[in-house]
Amino acid sequence: MGIGATAGVAAVGGIALTAQASSESSDTSGGSGASSSDALVFDTDAYTTLTTTITDADGAEHDVEYRFYKAITYVSKPVDETYQSLNVSVPVKIDGTAVDATDAPILFANSVGGYMPSSVADATGVGGGGTTGMPGGGAASSSASPSASASSGSGSGTGSGSGEVASGGNGMVNGQGEMVSLPKLALAAGYVVVEPGARGRTLKNSSGEYYGVAPAAIVDLKAAVRYVRFNKGRIPGNVDRIVSSGTSAGGALSSLLGASGDSPLYDKYLKAIGAADASDAIFATGAWCPITDLEHADGAYEWNWGSNATSSGSQVDQTVSKELRSQFAEYQASLRLRGLGGFGALTARNYDAYLVEQYMEPSATKYLAALSDADRTSYLAANTFITWSGGKAAFSWADFLTHVGARKKSTPAFDAFDLSAGENNLFGKGTTQARHFTLYSLRHESGSSARLDSDLPETLRLMNPMPFLVEKANPKRTKHWWIRLGTKDSDTSHTVSANLAAAANGLGDEVSHLYYWDEGHGANSDPGDFIKWIARISGHKAKRK
Ligand code: DHB
């Protein structure tokens, strides 16, 4: 069990100021005359001491006293400090015992949802990223749906910070529908928590320019990692044990952060915002339902959900669906990935069997095994497509697809013909709010000789973790991967996460990837296991003072 909704609220309400802090960090002036490295020195005294009660994943309550460093601008030439700032929480006492977080792992928890702007500037304590003014972020399930948020993105920009702030990111839900805050769980485990904000796709300045479109969010997260590393010894925690987390678009960015560590491709962007001169490689990546590999996601989506009707009961255009599906076959072959568990080459022909054997059946098995006999019997009676034998669930891919039901998106799912998807806005540029980013959708609308804007190949490259794993493996990538999503999540194709896992696994990285049975988008059913995984991979032992 994670932090319950009521427990979460009580914990926030229970935060008390136990020590008068000095003023906010004075290092937020970025670019105001001081040299950039001076501006980026973390002020170790600029904290407030807060206390809160945190319910851990097993349901036990912990009294936590921590130092809260708020809204520190992490670059010396910020475009918008509301987003380019981070919060740091350092545990001081847990259940009355002093803890030493000097060498603790650092959870680097982004709260990006929907590729929207995310800010921690108004947070009143740990876990407060995401929706401004709503501690703990919103429920992940309320994350911007791409088409809904795309239209909001076109709207009301009036100067800096005009975009909406998405809920989501840290606001995951557990199997009981309760909110989960990884930052709070990590703090209660004695880890240091860094919560970065980042620019997002809807931000528009007074000249009408979109300044949070790709690659702004990943550049910001990298700059925030660099800030933490640059301040080694000033920010408590082990900068060689930075573990990133994020959900959905935040999960995509978390995987990208892990895959692209120290890649020189981002240098000019980092330089432009005055990022600290330090490594941005991270130790481990936690990614829940990552919405990534966007330029290939339309084909993958049709391969996975092409025959499922939409929620209105209608089939999508099957001609388009089939064309996209054949693109997936070609792409999948080009990746030359091998499945986990000795499965062999992954292709569009055998990926259904792979997903069933490697992920879906084990997920259902785990779910069913945990039920009481009576509950299992009634679940199986209501879901006769599952054969339960010898303590194992078995079913076909076709029946699994029927069980999931309506597909969430129409076709193409990401590069919408009418430019209405959030991703069209993500790949906007300058004063152009939304653009096509695949040749297929562009040519469908503009004719067979249309060409993608010349900047797009590079921008797409900067947003996709896969080339860092398959084309030429990035030696500075994270070597530890925690990937999770619900079996009923049709925000993207199941092959997207599975390809990420297969690519990392193929490089010899440690990969923990599983699907939560019958859970949807934004699920996090095993947050306690993630916290324990961090301790294991980082070799962390809680230190008492
Ligand atoms: C998110 C969901 C989507 O379906 C998508 O296309 C992009 C982002 C999200 O919840 O972050």
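**Exercise 1: around the ligand**

In this predicted model, a polar side-chain atom of K409 sits 2.7 Å from an oxygen atom of the ligand.

Solution, step by step:
- Start with E423: an N or O atom in its side chain is 2.5 Å from an oxygen atom of the ligand.
- Go on to D491, where a polar side-chain atom lies 2.6 Å from a ligand oxygen.
- Now the area: on its own the ligand exposes 300 Å², and the protein buries 99% of that.
- Finish with the surroundings. Twelve residues lie around the ligand, and G114, S248, K409, E423 and D491 come nearest. By class, the shell holds four nonpolar, five polar and three charged residues.

**Exercise 2: T292**

Is T292 buried or exposed?

Solution, step by step:
- Locate T292 in the loop between β11 (284-288) and α8 (297-305).
- Check its relative accessible area, which is 2%. Buried means under 20%, so T292 is buried.
- Look at its contacts: beyond neighbours within four places in sequence, T292 touches A252, A297, M463, N464, P465 and V496.

**Exercise 3: L442**

Find the helix that holds L442, and say why L442 counts as buried.

Solution, step by step:
- The helix is α14, residues 439-446.
- L442 has 13% relative accessibility, so it counts as buried.
- Leaving out residues up to four places away in sequence, L442 touches H436, G447, A450, R451 and L452.

Methods: Residues numbered from 1 in each chain as written. Predicted model: local features only at pLDDT ≥ 70, side-chain atom pairs only at ≥ 80, totals over all residues. Heavy atoms only, no water. Helix = DSSP H or I, 4+ residues; strand = E, 2+ residues; numbered from the N terminus. Buried < 20%, exposed > 50% of the residue type's maximum accessible area, 1.4 Å probe, protein only. Contact = heavy atoms within 4.5 Å. Near = heavy atom within 4 Å. Polar contact = N/O pair within 3.5 Å; in protein donor to acceptor, adjacent residues only side chain to side chain. Areas by Shrake-Rupley, 256 points an atom, 1.4 Å probe, with all protein chains shown as cover. Nonpolar A, V, L, I, M, F, W, Y, C, P; charged D, E, K, R; others polar.
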